[in-house]
Amino acid sequence: MKVLVCFVLSYIACAYAGSLPSFITPCSRSDPNLNECVEKVISAAGAKFTEGIPELGIAPLDPVELGTVVVNNPALKITFTDTVVTGLKGFRVNTYKINPEKGKATLDFTANVTLKAHYDMNGQVLILPIRGNGQSKIKITNLNIVVKYDFEEKDGHWIVPSYKDHYKMDRAQFKFTNLFGGNKELAQTTERFTNENWEIIMSEIAPPALNQIIKKCVDQVQKFFAAIPARELLP
Ligand SMILES: *[C@@H]1O[C@H](CO)[C@@H](O)[C@H](O)[C@H]1NC(C)=O
C-alpha cells in the first residue's frame with residue numbers, strides 16, 4: 001500500500017515537472033542580454049504569477065495573508081491580526097540581474113501595497129501617547145524591495161539556500177479606527193500626528209511586516225523552482 005501511494009505521489013510530481021505555464025516564455029542561458037530577457041519575462045508574467053498557480057501548488061501573492069504581525073518596542077506595542085496585503089500584483093520590475101555560473105540573482109521591484117488588519121496598539125510615539133484597537137489600513141506608496149538570492153541546482157531543480165533583502169518606501173499613510181476608544185477629537189489629532197510622523201511609526205512596523213511579505217514571495221518562488229526543472233526555466 002505504501003509503495004503504491006509513493007508511486008502515485010511520484011507520478012504526480014512527474015506530471016508537474018516540466019509543465020511551464022504557457023504565460024511564461026523562458027530565456028536561453030546563452031542569451032547575450034540574459035538580464036534584460038528575464039526582466040521582461042518577470043514583468044510580463046509577474047501579475048499572473050501573483051494570482052497563484054494551483055496546478056503547481058503556488059499560492060496567490062495578491063492578496064497575501066500574513067496572519068499576526070507584532071511590533072514589540074518597549075515604547076510602542078502593536079499587534080496586527082488577520083493581516084492581509086494587496087497590491088503586489090501591480091509590481092513594476094526595476095532591474096533584474098542573474099549570474100547562472102555563480103548562482104546569484106537580484107530582483108529589484110516596486111509596488112504600491114495596502115495592509116489591512118485588526119490592530120491593538122498601546123504606547124507612545126515621540127511624546128504622544130497612542131492607544132486603540134479596531135481596524136487599520138496602511139497604504140504604502142512606491143514600496144521598493146530588492147532581493148538578492150543565491151540559487152543552486154539540486155536534482156535538476158533550483159533551490160534557494162539563502163537570500164538578503166532591503167526595502168524603502170516613498171510614503172505610508174495610516175487609517176486607524178477606534179483610536180482612544182472612539183474619542184473623536186483625540187483620534188483625529190492622533191491620526192494626523194501618525195501620518196505626519198509616518199517614518200517613525202513605519203520604522204517599527206516595516207521590519208516585521210515586510211520580512212513576512214518578502215518571505216511569502218520567496219516561498220512561492222521556491223515552490224515554482226521545485227515544480228519546474230532548472231533546464232526548463234533557463235534552457
Ligand atoms: C504608485 O502610486 C503612485 C501614486 O499614485 C504612482 O505615481 C506610482 O507610479 C505607483 N507605483 C507603481 C509601482 O505602480
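Strand 4 gives the largest share of the shell around the ligand, 3 residues. This is a predicted model. Strand 4 covers residues 104–125, and strand 5 covers 128–150; each supplies at least two residues of the shell. Look for the residues around the ligand: Gly90, Arg92, Thr110, Ala111, Asn112, Thr141 and Asn142.

Now turn to the backbone. Most peptide bonds are trans, and most residues other than glycine have a negative phi.

Start at Pro63. The peptide bond from Asp62 to Pro63 is cis, with omega near 0°. Where does Pro63 sit? Pro63 lies in the loop between helix 2 (34–50) and strand 1 (64–73).

Next comes Asp82. Phi of Asp82 is near 50°, a positive value in a residue other than glycine. Asp82 belongs to strand 2, residues 76–86. Is Asp82 buried or exposed? Asp82 is exposed, because 12 other C-beta atoms lie within 10 Å, and a residue with 12 or fewer counts as exposed.

Finish at Asn178. Phi of Asn178 is near 65°, again a positive value in a residue other than glycine. Asn178 is placed in the loop between strand 9 (171–176) and helix 3 (184–196). Asn178 has 14 C-beta neighbours inside 10 Å, so Asn178 counts as partly exposed.

Terms used
Residues numbered from 1 in each chain as written. Predicted model: local features only at pLDDT ≥ 70, side-chain atom pairs only at ≥ 80, totals over all residues. Helix = DSSP H or I, 4+ residues; strand = E, 2+ residues; numbered from the N terminus. Buried ≥ 20, exposed ≤ 12 C-beta atoms within 10 Å, placed from the backbone. Near = placed C-beta within 6 Å.
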